[in-house]
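Hi there,

Here is the structure I promised to pass on. Have a look at it first, and my notes follow below.

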Amino acid sequence: MPVCLLVKHAMPTVAPGVAACEWRLSEEGRRACLPLSRRLADFQPGVVVTSTEPKSVETGSLVAANLEISCESAEGLHEHRR
């Protein structure tokens, strides 16, 4: 049976004056993607789907590359509006 795993993006660089939806990953966040990939590998995902926000796309792309699977973005998966 297919399983849907929901994973939060890795740690972004908080940029004052820049909307959160435009933040990119921090160095720490990029480094965290390898251990995240290893934890997700047990679930044998077939694809990574991210929101269109840069921090999410970066997280998903790095995880997907580590798992050697495809990564795509989809509308409507963004963080809630505050």
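Let me start with one side chain: that of Ser 26 comes to 3.0 Å from the backbone nitrogen of Gly 29. Please keep in mind that this is a predicted model.

The side chain of Ser 26 also reaches a backbone oxygen, that of Met 11, at 2.9 Å. If we set aside neighbours within four places in sequence, the contacts of Ser 26 are Met 11, Pro 12 and Thr 13. Is Ser 26 buried or exposed? With a relative accessible area of 11%, Ser 26 falls under the 20% cut-off and therefore counts as buried.

Now for the chain as a whole. You will find 2 helices and 2 strands, arranged α-β-α-β from the N terminus on. A compact globule of 82 residues would have a radius of gyration near 12 Å, so the 13 Å of this chain agrees with that. The C-alpha trace spans about 40 × 25 × 15 Å along its principal axes.

Of the 82 residues, 27% are buried. Taking contacts between residues at least 6 apart in sequence, 52% link residues at least 24 apart. The accessible surface is about 6000 Å², and carbon and sulfur atoms account for 57% of it.

On charges, the chain carries 9 positive and 10 negative side chains, with the centres of the two sets 6 Å apart.

Terms used. Residues numbered from 1 in each chain as written. Predicted model: local features only at pLDDT ≥ 70, side-chain atom pairs only at ≥ 80, totals over all residues. Heavy atoms only, no water. Helix = DSSP H or I, 4+ residues; strand = E, 2+ residues; numbered from the N terminus. Rg over C-alpha atoms; globule rule 2.2 N^0.38 Å. Buried < 20%, exposed > 50% of the residue type's maximum accessible area, 1.4 Å probe, protein only. Contact = heavy atoms within 4.5 Å. Areas by Shrake-Rupley, 256 points an atom, 1.4 Å probe, with all protein chains shown as cover. Lys, Arg positive; Asp, Glu negative; His and termini not counted. Charge placed at Lys NZ, Arg CZ, Asp CG, Glu CD. Polar contact = N/O pair within 3.5 Å; in protein donor to acceptor, adjacent residues only side chain to side chain.
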